[in-house]
Amino acid sequence: MIQKKICLLGAFSVGKTSLVSQFVHSVFSDRYLSTIGVKISKKEMTIDNNQMTMVIWDLEGKDVYTDVKVSYLRGASGFFIVADGTRKETFDDAMGIHKLAIGAIGNEVPCYLLLNKSDLTQKWEITDDMITDAMKKGVKAFMTSARTGHSVAEAFEALARDMMSGETK
């Protein structure tokens with residue numbers, strides 16, 4: 001069985017842990033517990049008849065007091081940058097983190113931007129223009145909701161497919 005390490009990066013309280021919980025256990029909780037350091041989860045899946053274990057590193061959020069620990073990114077086969085659609089500053093943080101991660105890992109590793117809280121679009125501060133600009137720079141994005149599960153499995157499956165296609169190159 002193939003094992004792939006992926007990392008979830010983003011600002012505090014954007015829903016990284018909730019996205020992992022939704023993907024791995026199909027569970028959402030309103031209780032907010034801030035991740036300290038890293039929390040590691042695993043999920044087995046089948047992608048194009050290949051068995052894969054995703055080893056998911058949910059990294060603590062970044063803010064003005066903490067930086068992304070680049071050492072956690074070593075060995076990652078792919079990563080997600082998560083932003084909270086209801087907080088514009090988390091999108092700006094995500095773009096900065098994306099640049100940092102690409103610098104640490106390289107462009108060969110698949111990456112997706114997860115624009116979380118799609119169930120609250122009426123409260124969104126992230127605009128279509130912001131998303132379009134990011135996509136013009138090569139950023140692939142999914143609108144997700146950890147609460148409803150909207151596009152969560154699809155995002156993880158897309159990342160898994162991208163990682164598997166890197167295996168065959």
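The structure is a predicted model. A search of the whole structure finds seven salt bridges, and four residues, Asp84, Arg87, Glu89 and Lys117, are linked in a network of them. Helices H2 and H3 have axes that come within 12 Å.

**Packing of H2 and H3**

- Helix H2 spans residues 88-105 and helix H3 spans residues 128-136, and their axes cross at roughly 5°.
- Because angles under 35 degrees count as roughly parallel, H2 is described as roughly parallel to H3.
- On the H2 side, the residues in contact are Lys88, Phe91, Asp92 and Met95.
- On the H3 side, they are Met130, Ile131 and Ala134.
- By class, the residues of the contact of H2 with H3 divide into five nonpolar, no polar and two charged.

**The salt-bridge network**

- Arg87 pairs with Asp84 through their side chains, at 3.2 Å from N to O.
- Glu89 also forms a salt bridge with Arg87, and here the closest N and O atoms are 3.4 Å apart.
- Lys117 belongs to the network that links Asp84, Arg87 and Glu89.
- Asp84 has 1% relative accessibility and counts as buried, because the cut-off for buried is under 20% relative accessible area.
- Arg87 is partly exposed, with a relative accessible area of 24%.
- Glu89 is also partly exposed, and its relative accessible area is 41%.

**The Asp119 and Arg147 pair**

- A salt bridge joins the side chains of Asp119 and Arg147, at 3.4 Å from N to O.
- This pair links distant parts of the chain, the two residues being 28 residues apart.
- Asp119 sits in the loop between strand E5 (111-116) and H3.
- Arg147 sits in the loop between strand E6 (140-143) and helix H4 (152-167).
- Asp119 is partly exposed, with a relative accessible area of 25%.
- Arg147 counts as partly exposed too, at 44% relative accessibility.

Terms used
Residues are numbered from 1 along each chain as its sequence is written. This is a predicted model: local features need pLDDT of at least 70, side-chain atom pairs count only at pLDDT 80 or more; totals for chains, interfaces and linings use all residues. Side-chain values use heavy atoms; hydrogens and water are left out. Axes are lines fitted to C-alpha atoms, for helices over the stretch in contact, and angles run from 0 to 180 degrees between N-to-C directions. Helices (H or I, at least four residues) and strands (E, at least two) are DSSP runs, numbered from the N terminus. Angles under 35 degrees count as roughly parallel, over 145 as roughly antiparallel, 65 to 115 as roughly perpendicular and the rest as oblique. Contact means heavy atoms within 4.5 Å. Ala, Val, Leu, Ile, Met, Phe, Trp, Tyr, Cys and Pro count as nonpolar, Asp, Glu, Lys and Arg as charged, and the others, Gly among them, as polar. Buried means under 20% relative accessible area, exposed over 50%, partly exposed in between (1.4 Å probe, protein chains only).
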